[in-house]
Amino acid sequence: MGKFKGKYRIPSARLQTWDYGSNGMYFITICTKNREHYFGEIANGQMILSEIGLLANKYWNEIPEHFPFVILDAFVVMPNHVHGIIIMNKNDDHVQTPNLGVSTDIDCRTAAASKKWKPGILGLIMNQYKRVVTINARKIYPDFAWQPRYHDHIIRDNESRERIKNYIINNPKKWHQDTFNTPYVQTPNLGVSADNTNKLK
């Protein structure tokens, strides 16, 4: 039984020496599956959100309603990914049971249910965000999917934070240089047009 134990395990992208339940600043990137442009398009250096892009924006901004210890900083929805800074600033008094609008047949209990914070809390937040976007996006386009997991970068100081904030804010203007701007399979019309007013503020 133990012959193949761990042989085909996918290594974690997380920093193994870091407690992801601790207070800190995190730069998060989440991509769509195959980097398909589900969230909209760039026009004249501005992001024009599709219906699914609006969902990605809406549910990100609602994260602190369900995880009160989270402070949101710069955030942007791009055609096939999102970038954002999450600041965790919690104390032992914070206990909540988030649902992010997900139906009651899905278990959304937090790792804090026992009043003890656990190391994977950042992963829990990201998984719940991806889940609620997926559930609602598939009502619009059934094949919507994220890539597995997400990328995080631990922000160590305010200088790095400001540099990353500027990168996020200016991302739509530099889309033509973006490493995420790769050829993709065109998805059906998701409600994007050049005169769409769903611009990310």
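Is H66 buried or exposed? Here are my notes on this predicted model, starting with that residue.

1. H66 has a relative accessibility of 14%. Because buried means under 20%, H66 counts as buried.

2. Four strands make up an open sheet, ordered 4-5-1-6, with antiparallel pairing. The edges are taken by strand 4 (70-77) and strand 6 (151-155). Each of these two has a single partner strand, so one side of each is left without a neighbour in the sheet. On average, and with direction ignored, neighbouring strands of this sheet are turned by 20° against each other.

3. The pairing of strand 4 with strand 5 is worth a visit. Strand 5 spans residues 81-88 and runs antiparallel to strand 4, with six bridges joining the two. Within this pairing, V77 stands opposite V82 in strand 5.

4. Next, the helices that meet the sheet. Helix 3 (residues 121-137) packs on the sheet and touches strand 1 (24-31), strand 4 and strand 5. The direction of helix 3 makes about 140° with that of strand 5.

5. Helix 4, residues 158-170, lies across strand 1, strand 4, strand 5 and strand 6. Relative to strand 5, helix 4 runs at about 150°.

Terms used
Residues numbered from 1 in each chain as written. Predicted model: local features only at pLDDT ≥ 70, side-chain atom pairs only at ≥ 80, totals over all residues. Heavy atoms only, no water. Buried < 20%, exposed > 50% of the residue type's maximum accessible area, 1.4 Å probe, protein only. Pairing = 2+ DSSP bridges. Axes fitted to C-alpha atoms, helices over the stretch in contact; angles between N-to-C directions. Contact = heavy atoms within 4.5 Å.
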